[in-house]
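Hi,

Here is the structure I promised to pass on.

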Amino acid sequence: MQFLFGQIPTTLSGDDASLSVLDFLRERQGRCGTKEGCASGDCGACTVVVAETDDAGLSYRAINACITPTGELAGKQLITVEELANGEDYHPVQQALVDFHGSQCGFCTPGFVMSLYAAYQNAEAPDRDNILRTLGGNLCRCTGYRPIIDAAEAALTERQAAPQQDDAETIDQLAQLESGTGSGRYHAPTSIAELNDAIKAHPKARLIAGGTDLWLEVTQLLKRPERLISLNRVEELTGHHSDGNALHIGAAATYEQVTPLLLADYPEMQELLLRLGSLQIRNRGTLGGNIANASPIGDMPPALLALDAQLVLNRQGQTRHVPLETFFQDYRKTILQPGEFIQTILIPRRQPEEQIAFYKISKRLEDDISASCGAFRIRIEDDQVADVRVAFGGMAAIPARALHCEEALRGQAWNEATLKTAMAALAEDFQPIDDFRASADYRGKVSANLLKRFYLNCQPKPDLIRVSSHA
Amino acid sequence: MRRLPETLETTGPTGAAGQHQRHDSAYRHVSGAALYVDDIPCPAGTKHAYVGLSQHAHANISKLDLSAVRTASGVTDVITAQDVPGHLDIGPVFPGDPLMASDQVDFFGQVVFAVLANTYDQARHAARLANIQYAPLSADITIEQGLDSKSFVRPSHRQQRGDAQEAIKASALSIQGELQIGGQEQMYLEGQVSLAIPQEDGGMLVHSSSQHPSETQKLVAEVLDIPMHLVTVEVRRMGGAFGGKETNANQWACIAALLAARSGTPVKLRLARADDITATGKRHPFKNDYQVGVNDAGVIQGIAMSLSGNCGMSPDLSDAIVDRAMFHADNAYYLGHADISGHRVKTNTVSHTAFRGFGGPQGMLAIEHVIEDIAIATGLDPLTVRKRNFYSGEGGRDTTHYGQQIEQHLIAQIVERLEHSADYWPRRESIKTFNAQNNVLRKGLALTPVKFGISFTVTHLNQAGALLHVYTDGSIQLNHGGTEMGQGLYIKVAQIVAQELQVDLERIAITATRTDKVPNTSPTAASSGSDLNGMAARDAARTIRERLTLFAASHFNVDADQVSFADNQVRAGDNKLSFAELAQLAYLNRVQLSATGYYATPKIHYDREKASGRPFFYYAYGAALSEVTVDTLTGEYVLNRVDICQDVGQSLNPAIDIGQIEGGFIQGMGWLTTEELVWGADGRLQTNNPASYKIPAIGDTPPVFNVELLPDSPNTEATIFHSKAVGEPPLMLGISVWCALRDAVASLAEHRIRPRLNAPATAEQVFMACEAIREEAQQA
């Protein structure tokens, strides 16, 4: 497999392919500009940029080098902080960070530089929301961020006036790479047929569909998988489209790739998607991974349960359709058979008369894990609840529907008395746990209040109810 | 008598003191060229060390079987306490911190052994293979458990003035309350790391991420049982420290050095993040109780406060930290009759250590909590209560409860400035209206002051040294005992030298802090970096300037007062030459162009027996006005706007100072909002990585964030160019956010009931406070 290391075509051995990009850079290449802050994808100090060809030319994506296997770079360009300046001629994002005093200790700075570089190259708009979205996965402990926000605004504004870049040479170089399908510890099939062959040949291999959780086993538990099969380049798994019935989302399409499709039907999902990990995580993480991982605190399953998503599973070419709500069996247990994988997630198209909301509760607004995550979908006819689905994450061993709560709502008048009963019914649905994210008491009460918030939000004249939409 | 300040010329050489100047490493930061210890190219043959951590909070080690560690792939050495040739105890001030545990472990995460291997992965992997059996002992994990056991790492201390109990009794109104304050993880982005390289003379060169190279040097020498002159510690920069590398860097340097001495090869030891957070100390959690008596106007007549710091398993720096909490239990307020006691509670958790503010924040939050309670009890606005209680030069209200007379009174001026510039009263009114109209969302507002004492309270630490070389091309090399952790110390000190010698800043090369260049240094801590090292560097620069002046006078046959330095030039009577030409000429005429500098802070003393004295050379002031919106359905909140005015005296570098203020504020806000440390009943820290421990992210920065340096306010003490320290004081501006959150909660009962809101005020804590106050209001 080959990738462009800066401008240099570089061939990966099967062993290097299963190393993290960060270890590859620091340990194998002696390129120490990229820093390790946490080795868990939570701080952004190791942010590097991957460029790849798409319809518009080159697209640039910031990723966490610490939890990305190097093999995922095949056919792409890797850009690190050392490559941005030309002698003392610094890239505009570097110059802006210097001019605005955006570094103090400097350890997080290369990560900020690279996140901003990707935004600059993609000509992102210089508004505050966009800057926060771009840099939400980069922690700085020194500056308080104000100078970094100002630097970002200046650099991205400068980009708006800059001439279009000519990426033809890089695109050409990328086209000439031999991407290969891997060997040894790392395989990268390009079709479902190849994937099934690889699974058959290596039944104990781990599938990696983004690896933002899987790779924590490597960096935290020190368990380097013997063999990985990447879904990153399986064509049928990385596409997405919609038809009259459903949104079809390939299991290995990243959050960033599928966001426009999801928001077209479900604009209510915007905040949830923005608060799902960080941009670096959303550039790697996938819907299929989030589901197959079967974590009780995954952010997407509650939403998908409320929307009644279906899964297409594939096992050696045999496919079956299952409703998502039957997929999760117990803590980190699913109905997936050995050798079976999620191929497609089907989300029903938007029904215009429905009201929908997704609310996430966490200690920090950005890049945090849910204490509770509620998803609500309701259809009111003649002031009665004609249909309703309520689902929660963080409240049980698996993401689950709140069936008692739904029962208390369905067919009832949509009023405060019903709301009160439904809020109380949640206690029958969930017996949440105490942990460092939240107490059981808080989880129970706040989840009931999320339903209340949803009710208030559905009123013709909603009260001011969200701090996130209020400043 | 107020002395007239030396004013800084704004037309001096480029980059001299007083000018906005970028961080000396700014370009290296953004290009990835700045080297941190883990980036230094390792010499061939470098091996990697890792540590095995205890899995019990308090236990006897009944069996220690390291055979699987020894036989693991790539392992070349394994050491335990008995392999230490010199001192086993590396306690920085008092004993109590073994390099490695011997028969007993005292906290979950204590180092039991260390392993050396060919690669980092091998060492880390091997460290998990130990078979250790523990015979558990009873463990105190929480501060309450420690208090119940009457278990302390050091004796309590008490500061008294008058008769507090009598004064409280005689007051129109008396109130009591308590407050739990959580600790805080430093969360420096660069974790703990050391690289030890054996030297031909049996000595050791140690690259360490340490705020206190001299102490690291001393402890490495003691552990290896060699003289200090054989150990050199170098620190070019740290990727953040915040106090977490003041004493807590030593252990890793000592272990790396010991393994390097045994193997004869260079050894690197770098902690993975979760182990770093587990095995190193944090800001002390506190439990504070108070009783206060006030008159009808809300003026404090007497107060008794008990401040209890959770010190963890050993003293470390806790004596000075709890002292500093006590020194700041008044913040900016005259307390009248006061009885302040400070307790150093021992628990079976990691030994808590320095963190920006060093106990000051916990003492200051205690009194701000009292002030807010007084406001609710009296029905006054908190700002009114604050202003009525400020220290002042009039009416005998200018002396602290520990006997220091305050000479420069700035707090009333700063608060008034903010009150007007940020529209406190109109906003208070509009918030009242907003709250009256909204059931779910509530706003809160708070304007809180900071008065922070500057100096190490351990008097002997208030000294510094510097070393300055001028070369024959007129370029200058600067070295001093202070370390660079991002705070901009290096650039500030270089600016001071540029000012003294009247040369452009670019002429001065800043070099790594090394114990063989400037010996016996103090930690870069207590906000003292530029006060101490700036003065020492100026002393060295003045020595050289004097030598050059005398030489030029004699060479050109003019009086010494005819020699002047300005803008890279030197004039001697009618003769004019460049600084470089003079350096060259001086060399040819055998004038020494290298000098050391030294400084010791004057005036300070503290009598612990009498609990009285002048522990601080001066005070730095500031104030912040914060506005929040709280969602009372969930406890979630946002910070809408912050306005800050900070006294930095005559700023050495306004750009750097503003950076310290903004960063300190956000860090203080994090301590009191989202940063929650959670220990399990077994003593294991559950929030041991940035996935579970949440420091502020970029979206937590308020959309309106105004920071002003108090203008025209030089330090009245003779500090370096009459500047003031800026490292720690702004952290406590974050208290305004906590007070604003409490204000929003209190609005649910029209400010008639005191909310119970502990720190950190996570969304959950805020929600629970909302629930409790609603319930209480209903019952009332």
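Before the details, one cut-off: a residue is called buried when its relative accessible area is under 20%, worked out with a 1.4 Å probe on the protein chains only. Please also keep in mind that this is a predicted model.

That cut-off matters for B:Asn568: its relative accessibility is 12%, so B:Asn568 counts as buried. The residue sits in the loop between S21 and S22 of chain B. Its phi is positive, at about 70°, even though B:Asn568 is not a glycine. B:Asp567 has a positive phi as well, near 50°, in the hairpin of S21(B) and S22(B), where two residues lie between the strands.

On to the sheet around that hairpin. What is the strand order? It runs S21-S22-S23 in chain B, an open sheet of three strands with antiparallel pairing. S21 and S23 of chain B are the edge strands, each pairing on one side only. On average, neighbouring strands in this sheet are turned by 20° against each other, ignoring direction. Helix H16 of chain B (residues 579-588) packs on the sheet and touches S21, S22 and S23 of chain B. The direction of H16 makes about 95° with that of S23(B).

The pairing goes like this. S21 of chain B (residues 563-566) is joined to S22(B) by four bridges, and the two run antiparallel. In that pair, B:Ser564 is opposite B:Arg571 of S22(B). S22(B) is also joined by four bridges to S23 of chain B (residues 575-578), again antiparallel. Here B:Val570 has B:Leu577 in S23(B) as its bridge partner. The hairpin of S22(B) and S23(B) has two residues between the strands, and one residue in this hairpin, B:Gly573, takes a positive phi near 60°.

Which residues of S22(B) are on the covered face, and which on the uncovered one? B:Val570 and B:Ala572 are on the covered face of this strand (residues 569-572), while B:Gln569 and B:Arg571 are on the uncovered face. In a regular strand, side chains alternate between the two faces of the sheet.

Over in chain A, there is a helix pair to look at. H17 (residues 416-429) and H18 (residues 440-458) of chain A pack at an angle of about 155°, and their axes are 9 Å apart. Angles over 145 degrees count as roughly antiparallel, and so H17(A) and H18(A) are roughly antiparallel to each other. Their crossing is right-handed. From H17(A), the contact is made by A:Glu416, A:Leu419, A:Ala422, A:Met423 and A:Leu426. From H18(A), it is made by A:Ser447, A:Ala448, A:Asn449, A:Leu451, A:Lys452 and A:Tyr455. Sorted by class, the contact of H17(A) with H18(A) has seven nonpolar, two polar and two charged residues.

Two backbone details to finish with. A:Leu222 has a positive phi, near 60°, and is a residue other than glycine. It lies in the loop between helix H9 (214-219) and strand S9 (228-230) of chain A. Since its relative accessibility is 18%, A:Leu222 counts as buried. In chain B, a cis peptide bond joins B:Ala759 and B:Pro760, with omega about 0°. B:Pro760 is in the loop between helix H18 (735-746) and helix H19 (763-779) of chain B.

Cheers

Definitions and conventions. Residues are numbered from 1 along each chain as its sequence is written. Chains are lettered from A and ligands numbered from 1 in the order in which they are written. This is a predicted model: local features need pLDDT of at least 70, side-chain atom pairs count only at pLDDT 80 or more; totals for chains, interfaces and linings use all residues. Side-chain values use heavy atoms; hydrogens and water are left out. Buried means under 20% relative accessible area, exposed over 50%, partly exposed in between (1.4 Å probe, protein chains only). Two strands pair if DSSP finds at least two bridges between them. Axes are lines fitted to C-alpha atoms, for helices over the stretch in contact, and angles run from 0 to 180 degrees between N-to-C directions. Angles under 35 degrees count as roughly parallel, over 145 as roughly antiparallel, 65 to 115 as roughly perpendicular and the rest as oblique. A crossing is left-handed if the near helix is turned anticlockwise from the far one by less than a right angle, and right-handed if clockwise. Contact means heavy atoms within 4.5 Å. Ala, Val, Leu, Ile, Met, Phe, Trp, Tyr, Cys and Pro count as nonpolar, Asp, Glu, Lys and Arg as charged, and the others, Gly among them, as polar.
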